[in-house]
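Here is a short briefing on helix packing and charged pairs. Please keep the model in view while reading.

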Amino acid sequence: MSGDDGTPGNSGYGRKAFKRSRSHFADRITADGRDGWPVEAGRYRLVVSRACPWASRALVSRRLLGLEDALSLAVADPVQDDRSWRFTLDPDGRDPVLGIRYLSEAYDRRETGYPGGVSVPAVVDVPSGALVTNDYQQITLDLATEWTSLHRPGAPDLYPRARREEIDEVMAGVYEDVNNGVYRAGFATGQEEYEAACAGVFRRLEQLVPRLERQRYLVGDTITEADIRLFTTLVRFDAVYHGHFKCNRWKLAEHPVLWAYARDLYQTPGFGDTVDFDHIKRHYYQVHTGINPTGIVPLGPDLAGWLTPHHRQELGGRPFGEGTPPGPVRADEEVPARGRP
């Protein structure tokens, strides 16, 4: 998420057709260091916004895999200014590890005058202060497959080799029609463009329902990367996409299957404990001034429903496979009470 499509300035949101920017910096951090960036505990810093669904994938993966001590975390202010993500949540408005005020400074240390916006998630090399990668599609896959030497005991296999073809197929449809589709609907500049995107969102969601009626998770009987990618859109659906992005054929809370599935994941350690609804709502409603020029943040919806029984365990399934749940959230990474139900 940048100026989500690279559009300069917050007022540009919703004033031209949405197009997801490609990740300009696609280096990979791997076990063998083939791109010059070997997996190494303490060397890298993950920069996220808790508002951003793409960054939230990395938050969930990092916690499920137990990488908190190996990969440090920087959380940006959910309300961007025209220079994009800033560290105004930290003392003196600087990230305490990188010593920078804006994520763009790490981008500039890597390449001055690069094309595209400043996006999260981003991984920064701490010694040099330079950006390594902003490849939101690959970062979480590499956390699951390349960082295995640093995984916690009992970490789940989020991208099991035997299931990758099916996971990739499911994720491709979710990415195009749901993850990206809500943005195409929300940033549409014409009626036909909006209707096509909105219809695509709900068509894809309905296509997932038969799968989720017969099994607890999207692929197989354990949580995989596919569930993480769908969850980060579903958890934002009623809070912002239903109203702000006009994806309002129905609310998530009105759909028995998808609502139960989303609550099941939310109540699973590693998912809901990374979600900050306060950051989510303030980002979308205050930053996207091209859509919401008043900057007013709505009071609703009531979030208490996220904690109600879902009964999805009746379908069986083993959330963590042969592994175990992650431990308690670190005190310095806990979501403030105002961001939780």
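The model is predicted. Helix α4 spans residues 164-179 and packs against helix α6, residues 191-214. Across the whole structure, a search finds 26 salt bridges.

**Packing of α4 on α6**

- The two helices, α4 and α6, pack at an angle of about 150 degrees, with axes 8 Å apart.
- Angles over 145 degrees count as roughly antiparallel, so α4 is roughly antiparallel to α6.
- On the α4 side, the contact uses Glu166, Val170, Gly173, Val174, Asp177 and Val178.
- Their partners in α6 are Gly200, Val201, Arg204, Leu205, Leu208 and Arg211.
- The residues of this contact between α4 and α6 divide into six nonpolar, two polar and four charged.

- Helix α4 has 16 residues, yet its end C-alpha atoms are only 19 Å apart.
- A straight helix would reach 22 Å at 1.5 Å a residue, and α4 falls short of that.
- Buried residues of α4 include Ile167, Met171, Tyr175 and Asn179.
- Val170, Gly173, Val174, Asp177 and Val178 are also buried, and these five take part in the contact with α6.
- The cover over the buried residues of α4 includes α1 (53-65), α3 (136-145), α5 (181-186), α6 and α7 (225-234).

- Arg28 forms a salt bridge with Glu146, and the closest N and O atoms are 3.8 Å apart.
- The pair is 118 residues apart: Arg28 sits in the segment before β1 (44-48), Glu146 in the loop between α3 and α4.
- Arg28 is partly exposed at 24% relative accessible area, whereas Glu146 is buried at 15%.
- Both belong to a network of salt bridges that links Arg28, Asp32, Arg34, Asp142 and Glu146.

**Two further salt bridges**

- Glu176 pairs with Arg184 in a salt bridge, the closest N and O atoms being 3.5 Å apart.
- Glu176 is partly exposed, with a relative accessible area of 39%.
- Arg184 also counts as partly exposed, at 24%.
- Asp278 and Arg282 meet through their side chains in a salt bridge of 3.2 Å, N to O.
- About one helical turn separates Asp278 and Arg282, because they lie four residues apart in helix α10 (residues 277-287).
- Asp278 is buried, with a relative accessible area of 17%, while Arg282 is partly exposed at 23%.

How values were computed. Residues numbered from 1 in each chain as written. Predicted model: local features only at pLDDT ≥ 70, side-chain atom pairs only at ≥ 80, totals over all residues. Heavy atoms only, no water. Axes fitted to C-alpha atoms, helices over the stretch in contact; angles between N-to-C directions. Parallel < 35°, antiparallel > 145°, perpendicular 65-115°, else oblique. Contact = heavy atoms within 4.5 Å. Nonpolar A, V, L, I, M, F, W, Y, C, P; charged D, E, K, R; others polar. Expected span 1.5 Å × (residues − 1). Buried < 20%, exposed > 50% of the residue type's maximum accessible area, 1.4 Å probe, protein only. Salt bridge = Lys/Arg side-chain N within 4 Å of Asp/Glu carboxyl O.
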